[in-house]
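Open the model and keep the sequence beside it. We will go through it one stop at a time.

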Amino acid sequence: MSPNQDWPSVWPAAATYRSSVVPLPIRMGSRKYPEKRAPFKRVGNLELLKIPNFLHLTPEHIKRHCEAIKKFCTPFPKELISDTKLAEKLCPVTVTYSDYLHQGTSLRDPRARTNTIEVKLHSFGFNEHDNDKLRHLVGNRYNEETDTITIVTDRCHTRKQNRDYADFLLTALYYESKKLEPWEEQKLRDDNIKIEFAGSKVEKRIIKLVEKVAESLDGEKILPAAEAVKNNEGNEKAILQHPTVKEFAETWYNYRNQKETPELTRSYEERVRALLGIKRLDSNKEEKKP
Amino acid sequence: MLASRQTCSLSFRLARLSFYRYYAKTSTDNPSNLTQDDIGKIYQIPLEATKALAFEKILPSKFNKQVNTMDDCSILCRQQFLEVINCLNVVRPSLPSIRVVLWGKFGTGKTLTLAQTIHFAQTQNWVIFNVKDVMNWTRKVKDVQSSVYKPGRIDLPEYSVDFLQHFKQQNQHVWKTLSGLNTERTYEWTKVEKTMQDRPITEIVEMGIASPLVANDCVGALCRELRRHSTSGAIRLLVALDGGNSLYGKTLIKKADRSFAVPEELSLIYQVKKFLKDDWTNGLVLMIADKREVVDARDTLAVPIDTPIELFTEQGFEDIDPFIPIETKLYSENEARIIHEYYKEKNWLITEEARSDKGLRELHYLAAYNPYYFERLCAFN
């Protein structure tokens, strides 16, 4: 064999090892005393035949494959790389899968068949009802902070089957969330994903509290929100529009719907104090200090 | 005469001159006159008051022992206590009952603040409805009885009698006033025993103490009457629940079908929960969010936190919302130093090292400014 031979022509496709064609000095095999005798030579070596070889994928091979395909390709649009928002708009679905290489007799790896599909919820273009229904269907596969739905499929044997299954899931989710079933009108307050202030027990309690205090003579001094009642003949909306009640509602919503921390508890305390008109003693002290 | 090395600052020299003490004292011993300037100073509760208010049953066990040993009940005046007093001063007949929850880390003074508040309430002639520990009712199972008044509910006769006796002892300062208040209707406890209309409500208490079978129903009637009279303005009511979040926890009381009862099914708890509603005025409900209810020694993975929703559960939170959560904090450096001075004065600290400044700094770090551990370390040094 000449050293300048064209290797891609000699070994164009994947093939079992042939010692007569491959010029490399390889040895393979286990010996009882390796320090005394080297592993077996390549000629007539069965072990070399059993393992997968990548002699059909040398850098020269890859180069030629690329050159052959290049005339059918266009360069990847730079705008899609630089502008993530545009990429999200045009290609909202991201599919991730992995290939695995082994130093062993088998090329197979069960992890290679998993597919991960990621879609952003806002790219569906849903209204409120559909959004909510999709979130209920998808469950904890939805991440609120990144607004992403992640679907991982690996229940089928091949990657292609798993990919088809994931595509089916997305389609099914889309059409199901658009449907309005008759039993959906039985939805209760408990079924909501977030705890809303409107319609909660607190709201009713606050309204009753303010109405009761406003009946007394010096109601405004005790409860700031009572002045709303005095002005508007006891309107529920007026009470809820009062700034102390509004701020309380905001903080309450955060407190109930986020993970509870001491800081959130303290902010809740501040708002309740503002609502009930009972100030902290600290705050007076700080105001007095110059 | 007095050791001069430790006291160098002006305040201590003044304290030495006026009171012959190392530790700083508040301006008055009367809690209603304490101001912001008294924070970080010690005041004394007279021993007659501690005995009258059954403090040995309310206070944390270690502090109780300290009171018995030192023969005086000296408590540090801290920010959280003044906040609670501030809330108490807002109470009036036109304002529905205020709910206050004491929350904070273990050992930071929740139960102690409750005790201080009870003493304050006594000095101001409030009626005190103090439950020593709701968790005892749910977890420490003594005799159990099925309720006659409401089938399906569970009575706790021994705890009811115990509670009524405690109520009687703590309210001796307003017993005459309570005797002047009358019942709304006739209460028929059994076919034979009744309390007629327009009889003093103290008769309900006496009836409950005398007859354990009826005691739980007496507690319920008492709660009702107290709310009624509080709304009318005749009395001011302080409801102090230690372990308040146990109203929404779990019980160890087994029903006939061998399942555990829910706290709602215990009539004592059901009656106390009515205080959390908005239908009565002129009162304050002070609860403690205690982590003991939620903590399980066998569950090594869960890490409960000290905040109100976690401890009261969502259902409990909805019942008490809106309430004022008052945080009890760890010692500041000043507060720890004052306590250290107090222990030095009382010869509670034995070793010379512990009495020194260096010792104080060591105690700061070892206890991590936690009041409970600080006291425990001082007890053994």
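Begin at His56(A). This residue touches Trp11(A), Pro12(A), Ala13(A), Ala14(A) and His61(A), leaving aside residues up to four places away in sequence. Touching, or contact, means heavy atoms within 4.5 Å. His56(A) sits in the loop between α2 (46-50) and α3 (59-70) of chain A. Helices (H or I, at least four residues) and strands (E, at least two) are DSSP runs, numbered from the N terminus. Is His56(A) buried or exposed? It counts as buried, because its relative accessibility is 15%. The cut-offs are simple: buried is under 20% relative accessible area, exposed is over 50%, and partly exposed is in between (1.4 Å probe, protein chains only).

A word on what you are viewing. This is a predicted model, where local features need pLDDT of at least 70, side-chain atom pairs count only at pLDDT 80 or more, and totals for chains, interfaces and linings use all residues. Residues are numbered from 1 along each chain as its sequence is written, chains are lettered from A and ligands numbered from 1 in the order in which they are written, and side-chain values use heavy atoms, with hydrogens and water left out.

Stay in chain A for an annotated span. The unreviewed UniProt entry gives residues 92-181 of chain A the annotation "domain: Small ribosomal subunit protein mS35 mitochondrial conserved". UniProt positions follow the numbering used here, feature names are shortened, and annotations may be inferred rather than shown by experiment. In the model, this span is 34% helix and 19% strand, and its end C-alpha atoms lie 28 Å apart.

Now look at where the chains meet. Chain B brings 36 residues to the contact, and chain A brings 31. About 3000 Å² is buried between them, with 57% from carbon and sulfur atoms. Buried area is the accessible area (1.4 Å probe) that two parts lose on being put together, summed over both. On the chain B side, Gln36(B), Glu318(B) and Pro322(B) lose the most area to chain A, together 17% of what that side buries.

What joins across this interface? The rule finds seven salt bridges. A salt bridge is a side-chain nitrogen of Lys or Arg within 4 Å of a carboxyl oxygen of Asp or Glu. One pairs Glu83(B) with Arg280(A), at 3.9 Å, N to O. Which elements of chain B supply at least two residues each to the side that touches chain A? They are α5 (79-90), β3 (98-104), α13 (308-320) and β11 (324-328). Of the elements, α13(B) gives the most, with eight residues.

Follow α13 onward. Pro322(B) lies in the loop between α13 and β11 of chain B. The peptide bond from Asp321(B) to Pro322(B) is cis, with omega near -10 degrees.

Next, go to Leu178(B), in helix α9 (residues 175-180) of chain B. Leu178(B) is buried, because its relative accessible area is 2%. Among the residues that it touches are Val127(B), Phe167(B) and Thr202(B). Thr202(B) is 24 residues away along the chain, yet the two C-alpha atoms are separated by 6.3 Å.

Finish with two loops of chain B. Asp71(B), between α4 (61-70) and β2 (73-77), has a positive phi of about 65 degrees although it is not a glycine. Asp71(B) counts as exposed, at 55% relative accessibility. Asp198(B) lies between β8 (194-195) and α10 (202-210). Asp198(B) has a positive phi of about 60 degrees, and is not a glycine. With 51% relative accessible area, Asp198(B) is exposed.
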